[in-house]
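Notebook open, pencil ready. I want to look up a few things in this structure and write down what turns up.

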Amino acid sequence: MSSVFGALVPPVELVAPDRLGPVHFIAIGGAGMSGIAALYAELGVPVSGSDQAASPALEMLAERGVRVHVGHAADQLGDAGTVVVSSAIAADNPELAAARERGLRIWHRSAALAALMLGRPGIAVGGTHGKTTTSAMVAHLLNGLGEQPGYVVGAPLADGPASALGAPGAPFVVEADESDGSFLQYPAEVAVVTNIEADHLDNWGTPQAYADGFGEFVGRARVAGLNADDPGTIAIFGARADGFGAAPGAGLRIGSVSAAGFGSTAEISLGQDRATLRLQVPGAHNVHNAAAALWSVRATLGERFDLARACAVLGDFRGTHRRFSPVGEAGGVRVFDDYAHHPTELVATLSAARAGLAGTGGRLIACFQPHLFSRTRDFAAEFGRALALADETVLMEIYPARERAEDFPGVTSELLVEHARAAGGSVRLVTDRAAVPGAVAELARPGDVVLILGAGDVTRIAPEVVTAVEQRR
């Protein structure tokens, strides 16, 4: 079945939420859709929606007055004037087909989110890696500075939800997803690019097209903050002095980065101002994410921005769901869960964990589930080198998501085993999902850190690993 949208989602003309009529969300229980639907309901817009199965998200929406349905049927549209769908919705979905027959307005979820930004100073956080953490940092920072922002990010904050409406006229922060081109929909005054590395070529086709998309994303904003240290960003935009990074010409400068257990410390300078940044989240990549957040809030608040106060607020940031999230500890083994699913993300997460283990004698155990056959094929060697950074790796079968194995003959997790071993890694492929927690527990010993990695359903294994380690004590 084909998607209602092509490979890339085209921008549409926006309409204010109060002019859309009742809004119906197809697949309303999804992480992105449920947050947006909740904000529409908070605005007083009549909201309904459907999803394939019952879930806590549907229960939350029902408690907020949203009319929810389990399963898809044409009559569930009710009196909707606008229907919101995601890129994953099949073109033959019965509710979508009925909406077309009735001539209703059909929007991608990005348009529904973009409409919430109308009349507000918008901040769009884009980039191949780090979007969720950076946009969450921006929301946390604005909240801590008393700005009462609206926001929709890709994962719940450790200290709050994944979405908030915010005060009228306050800044609105969005995580701008480039995977399907929907990041071109947002009417942002401030754009931030964390980094650029070719990805999602199943949608974009070529690295050049992917790069051109970021060029358009930056060009749509009043002002853009670029990573002055990122080769991919520099290759497209050149070296610019108005961004953030450790480069001498960066406007917001990072200096003296050091690990502090599973946290980081850095010196930040902005013009003549200097401040120390102490983060509770690990890794040099998160220092860059924090610098991007500081830059974007400075661009939004102007002279009201106080660097020292902002750094202090970021010091309270405790991360987001599935970004080096602690799951539990058993038998002296600490288990963390992380969304990393691209080689660059694996390197950043594994390196951060390695730095946190420095001097402890503990080992780093990775459990990785590859995501998509196409990504596994395109980056097999890079995945292998990344996984070799762990002392031991338990590798799972590929999570197909929207792809089919028969379309990618010969592409299996064995490719990553070969490349990881060639890079000096110790890797074990476990094809039986039920056996994975036990395989991880068998490797782990007191003082070790276990990282559960991937964008698929591997996250469900994390608590099972804690239990398995406990049972082996």
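Is Asp-391 buried, exposed or partly exposed? I looked it up: Asp-391 is partly exposed, with a relative accessible area of 29%. My cut-offs are under 20% relative accessible area for buried, over 50% for exposed and partly exposed in between, with a 1.4 Å probe and protein chains only.

Ground rules before I go on. This is a predicted model, so local features need pLDDT of at least 70 and side-chain atom pairs count only at pLDDT 80 or more, while totals for chains, interfaces and linings use all residues. Residues are numbered from 1 along each chain as its sequence is written, and side-chain values use heavy atoms, with hydrogens and water left out.

**Entry: the domains**

I noted the split into domain 1 (17–107), domain 2 (119–316) and domain 3 (325–472); these bounds come from an automatic or database domain assignment. The centres of domain 2 and domain 3, taken over C-alpha atoms, are 28 Å apart. Domain 2 puts 13 residues into the contact and domain 3 puts in 15 residues; contact here means heavy atoms within 4.5 Å.

Residues 23–118 come out as 39% helix and 22% strand, with end C-alpha atoms 17 Å apart. For residues 322–456 I get 34% helix and 21% strand, and the end C-alpha atoms lie 11 Å apart. Helices (H or I, at least four residues) and strands (E, at least two) are DSSP runs, numbered from the N terminus.

**Entry: salt bridges**

How many salt bridges are there? The count comes to 16 salt bridges, where a salt bridge is a side-chain nitrogen of Lys or Arg within 4 Å of a carboxyl oxygen of Asp or Glu.

Back to Asp-391: its side chain meets that of Arg-354 in a salt bridge at 3.0 Å, N to O. Arg-354 sits in helix α11 (residues 343–357) and Asp-391 in the loop between α13 (380–387) and β19 (392–395), so the pair ties together parts 37 residues apart in sequence. Arg-354 is partly exposed too, at 32%.

Next I looked at Asp-448 and Arg-363, whose closest N and O atoms are 2.8 Å apart in a salt bridge. Asp-448 lies in the loop between α15 (436–443) and β21 (449–453), and Arg-363 in the loop between α11 and β18 (364–368), so this pair links parts 85 residues apart in sequence. Both Asp-448 and Arg-363 are buried.

Then there is Arg-222 with Glu-189, a salt bridge with its closest N and O atoms 3.8 Å apart. Arg-222 is exposed at 54%, while Glu-189 is partly exposed at 34%.

I also found a network: salt bridges that share partners join Arg-404, Glu-406 and Asp-407.

**Entry: helix α11**

I tested the length of α11. Its 15 residues should span 21 Å at 1.5 Å a residue, and its end C-alpha atoms are 21 Å apart, which agrees. The expected span is 1.5 Å times one less than the number of residues.

What do the buried residues of α11 pack against? They pack against α9 (284–301), β17 (333–338), β18, α13 and β21. Among these buried residues are Leu-346, Thr-349, Leu-350 and Ala-353.

At 5% relative accessibility, Thr-349 counts as buried. Leaving aside neighbours within four places in sequence, Thr-349 is in contact with Phe-324, Asp-338, Ala-340, Leu-451 and Leu-453. After α11 comes Gly-359, with a positive phi near 80 degrees.

**Entry: cysteines**

How many disulfides are there? I count zero disulfides, taking a disulfide as a pair of cysteine sulfur atoms within 2.5 Å. Cys-311 counts as buried at 2% relative accessibility, and Cys-367 does at 0%.

**Entry: Asn-203**

Asn-203 is in helix α6 (residues 201–204). Not counting residues up to four places away in sequence, Asn-203 touches Ala-7, Leu-8, Ser-179 and Asp-180.
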